[in-house]
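Subject: Structure for your review

Dear colleague,

Please find below the structure that I am handing over to you. A short account of the findings follows it.

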Amino acid sequence: MGGVAVDLDGRTAVSGLFAAGECACVSVHGANRLGGNSLLEAAVYGRIVGGTASLAVLEGATTAVGAKAAEEEERIAGLLGRRDGESIVGLRRELQRNLDERLGIFRSGESMVEGIKCVTHLMERFESVGVGDHGRAYNQALVAYMELGSMLLVAEAVARAALARRESRGSHYRTDHPERDDAGFLHHSLVRAEGGRMVLGTSPVQLGGYEVRERVY
Amino acid sequence: LRLRIRRSDGARSWEQSFEVPERPGMTVLDALFYVQENLDPTLAFRYSCHWAVCGSCAMLINGVPRLACNTPLAKAGDAPRLAPFPGYDGEVGDDEIVLSPLPSMAVIKDLVVDQTPFFRKYRAVRPVFGPDGDAPTDERRMDRAQVGSLERYTNCILCAACYAACPVVARSPDYLGPAALAKLYRFAIDPREGRGTERLTSADLPSGWGGCQFYTNCRKVCPKGVPPDEGIARARAGLRGRRE
């Protein structure tokens, strides 16, 4: 149903960074994940990935994450020193409204193009947003800031993949392309950052023993 | 409506009041978000699910440990009478709700407490199913009555409201407390558990079953209707029965 691309042991493309649960995409659910089924990825892969990550630490693996820590620390110190700027809450509300209206349950190419424009604009404004709490202990304003940054990234990735997928499948429904198109789109959409830009690619679907069928309620 | 909040930044503590425009159905958690988003972004409180299943947002609401997400502003005054414990006897004026961090745990910031001792005691009772013998080829079946008696205790969401309301915990930091003991009892009576008797005797101590003085605050504040006092009483009766 989408998420950070991982292998069966929860490894991401970044060495030392693992993902499990609702943020990860092991692709056990197909194009739609039914309500209540997040437990599978949380419990089963949580355990598996926890094991993989512990082993990596025990084996003393050098990671890209460790090398980045000092840089990140510096960035946070800079953020905490930023005294003013636009409010996180206002920007987040605009993002929510935009995604709800233009990239929600029913989308169309037209609405999504507008949606992407809006996300790009919000990303520019995000650069000058202020963090309202400058303390180190339990700083929820800083958490909100970081979450908003991630939301904007994910919003753009989802929007670009959804715009390129000119069909309807699983939880993705386009009013301008209401039918499934296996010839054109029976693949995963994969978004990657290259030189500060998002690049859209695909990867093959492993169907296992299942035949692709429409889910009827 | 005025929200009077007991605040702390680790070094100093103070009280601060915020005016919140009340909406129908608004909960204490909604009001806290209103303050954080509109009046003071430095206010800290723990939350996650907004739904009374995660157990993150317990705090003293007018002196009573309750879940902020599960307490409508209109019902903040409807709380049971309790036996005294730290933080219970505060003045609450008209048109205000007083919020403070749970007692018996150190404050990290504002309404956020350090839950380490609570979870250390929870882990101490080994809250993991330990069946006897090999795994069955079929399921481990139970009858409905057994499920019902277990469910009264498995409904616990580890919010620590009972722990904070317990006068014994406040006086004796070694006491396991109601949540951990209710959890231990739940495993002691589980027919699938292999070490049931051992679990019963493992807490036959003043810091275990013996510590409870049946104030019954735990049962009264539990947002999930778990009765730790009853489990403790039954555990004690079970131990007496074994000795006789």
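How many residue pairs are in polar contact between chain B and chain A, both at pLDDT 80 or more? The count is five residue pairs. Please bear in mind that this is a predicted model.

On the side of chain B that touches chain A, the elements giving two or more residues are α1 (28-39) and β6 (107-109) of chain B. By class, that side has seven nonpolar, two polar and three charged residues.

The two chains meet through twelve residues of chain B and ten residues of chain A. Between them, an area of about 840 Å² is buried, and carbon and sulfur atoms give 48% of this area. Within chain B, the residues that lose the most area to chain A are B:E37, B:P41 and B:K109, which together account for 50% of what that side buries.

There are also three salt bridges between chain B and chain A. In a salt bridge between B:E37 and A:R93, the side chains meet at 3.0 Å, N to O.

Leaving aside neighbours within four places in sequence, B:M59 is in contact with residues including B:L32, B:F45, B:L99 and B:L111.

Yours sincerely

Note on methods. Residues are numbered from 1 along each chain as its sequence is written. Chains are lettered from A and ligands numbered from 1 in the order in which they are written. This is a predicted model: local features need pLDDT of at least 70, side-chain atom pairs count only at pLDDT 80 or more; totals for chains, interfaces and linings use all residues. Side-chain values use heavy atoms; hydrogens and water are left out. Contact means heavy atoms within 4.5 Å. Buried area is the accessible area (1.4 Å probe) that two parts lose on being put together, summed over both. A salt bridge is a side-chain nitrogen of Lys or Arg within 4 Å of a carboxyl oxygen of Asp or Glu. A polar contact is a pair of N or O atoms within 3.5 Å; within protein, one must be able to donate a hydrogen and the other to accept it, and residues adjacent in sequence count only if both atoms are side-chain atoms. Helices (H or I, at least four residues) and strands (E, at least two) are DSSP runs, numbered from the N terminus. Ala, Val, Leu, Ile, Met, Phe, Trp, Tyr, Cys and Pro count as nonpolar, Asp, Glu, Lys and Arg as charged, and the others, Gly among them, as polar.
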